[in-house]
Amino acid sequence: MSDVTRAKHGRPVHHWRRDVVQLAALLTAVAVADAVADLIGHGPDGPALLLVSAVVLVATAAFHTWWARRHGHAPPTDDTGARSPAAGRQAGPSGHPEPQPAETDAEAGIPESALWRMRTTVKDEPGSLAALCTALADRRVDILSLQTHPLAEGTVDEFLLRAPGDLAAAEITRAVRAAGGTGTWIERADAHDLVDAPTRVLGLATRTALDAAELPLALRQLLGRCTIRQLPAAPVGGGRGPDAVPVEGVLEDTVLRLRAPEGGVITVERPYLPFTPTEFARARALVELDARLGPRVPHGHDVLTLPEGSDITVRRADTGDVEAAKAMHERCSARTLGMRYHGPVGDADRYLNHLLSPRYGRTLAVQTASGRIVGLGHLLWDGDETEVALLVEDAWQRRGIGAELLGRLVSMAAEAGCESVYAVTQASNTGMVAAMRGLGLPLDYQIEEGTLVITARLAQPVEQEDAVVVRPAAEAQ
């Protein structure tokens, strides 16, 4: 080993004290060896003992040298496993170390991490949250974000967690329950959940401000997995409307009821998880923003050329197009209206105010160069499901207009996060059946008394293991 080492600043440092001690030890060893040699050399077996001692000393020195060369640079027993940047590199042709490919977690046998959204209720007392965080840390669970929802008794804590990939949801909830958490709910999260709450709320408010049809989707993204229904004050088919809701809305455990902007009621239901006052206030603020802005749709449009050479314009439609839509009804045959509305032809006009309202979905209109509407496509929010419907004027059928509308509507549904869309038609409506098949998506068919329901799956459903409510029976409220 060299007697010269380097300090952190790079200059050599000479350890003269260590050299003096080593020299003193050497002189002492020589004196002791001389005394032993004199003592043994005068005995009868002195030469043999000296020879054996020399062999033992040589063997000991050789073993020490071999051991020092092999383990002189080994890390200490308490080493954490960290290596210098040069560790693991091989020398290249120039004699300098060359970088080697980094070992991935999968190659090293380390399971990938998983994101979880978790909500649990803890007592409103000092140390309760600390105990919960400690329990998660003991299982190598990292807390990425935390939101607190104060209640009259206790606090609801909502976490975004990153956990080891081999850690099951049940194991996390057991740890939370042992730390004092109750009513625990957990499900898989994704990269979209990494956005902090204020940023997400501002983004939803912007989407709602640009398009009134975004309100149900914004509420669903704000409140998580839930069912949203908007009931008009005066039902299209007649009869009694929903009970009136006060301006401030109503919070009933797992149900929110808010006054709709144009009257009626917006109902949000989440049976597996009660709403908190904080969530209720956010939802109410979003609805109030929508009401202040009034009806609105984006004004963009696309001009398309049909195979025959005619130009058409595809744009968003709203209640301002009711009269033009009624005029199209008058040009449609009874058969075309009957296949679209599945009822008396004379009632077709009654549905237009509802269908064209952005509160209940999105409508695309196909317009000719003269400004006449010759086709309508509807994407309607129906609770947890999404319906698509088409109507093309007789003279403009079989020109690809229906397929163009359907493709655009399905793309809108996919962007909105819908897992499937369905169309209600008749088995004899070959045009609609062909358009659904032309999507190239998995289709399910259901026929009941001549009515055909075709469901197109836009995305594979989330596995039950990845979206699960974990509430042990002992925690049921």
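**Helix, sheet and charged pairs**

Reply: Happy to! Helix α7 (residues 277-293) lies across β10, β11 (255-259) and β12, running at about 25° to β11. Helices (H or I, at least four residues) and strands (E, at least two) are DSSP runs numbered from the N terminus; axes are lines fitted to C-alpha atoms, for helices over the stretch in contact (heavy atoms within 4.5 Å), and angles run from 0 to 180 degrees between N-to-C directions. This is a predicted model, where local features need pLDDT of at least 70, side-chain atom pairs count only at pLDDT 80 or more, and totals for chains, interfaces and linings use all residues. Residues are numbered from 1 along each chain as its sequence is written, and side-chain values use heavy atoms, with hydrogens and water left out.

Me: What is the order of the strands in the open sheet of four strands?

Reply: Two strands pair if DSSP finds at least two bridges between them, and here the pairing is antiparallel. The order is β9-β12-β11-β10.

Me: Which residue in β12 stands opposite Gln230?

Reply: Strand β12 (residues 265-269) runs antiparallel to β9, and five bridges join the two. The residue in β12 opposite Gln230 is Ile266.

Me: How many salt bridges does the structure hold?

Reply: Side chains of opposite charge can pair when their charged atoms come close. The criterion is a side-chain nitrogen of Lys or Arg within 4 Å of a carboxyl oxygen of Asp or Glu. By that count, the total is 20.

Me: How many residues apart in sequence are the parts that Arg119 and Glu158 tie together?

Reply: The side chains of these two residues form a salt bridge at 2.7 Å, N to O. Arg119 sits in strand β5 (residues 113-122) and Glu158 in strand β7 (residues 155-164), so the pair ties together parts whose separation in sequence is 39 residues.

Me: Is Arg225 buried or partly exposed?

Reply: Arg225 and Glu187 meet in a salt bridge (2.9 Å, N to O). Buried means under 20% relative accessible area, exposed over 50%, partly exposed in between (1.4 Å probe, protein chains only). Glu187 is buried at 7%, whereas Arg225, at 44%, counts as partly exposed.
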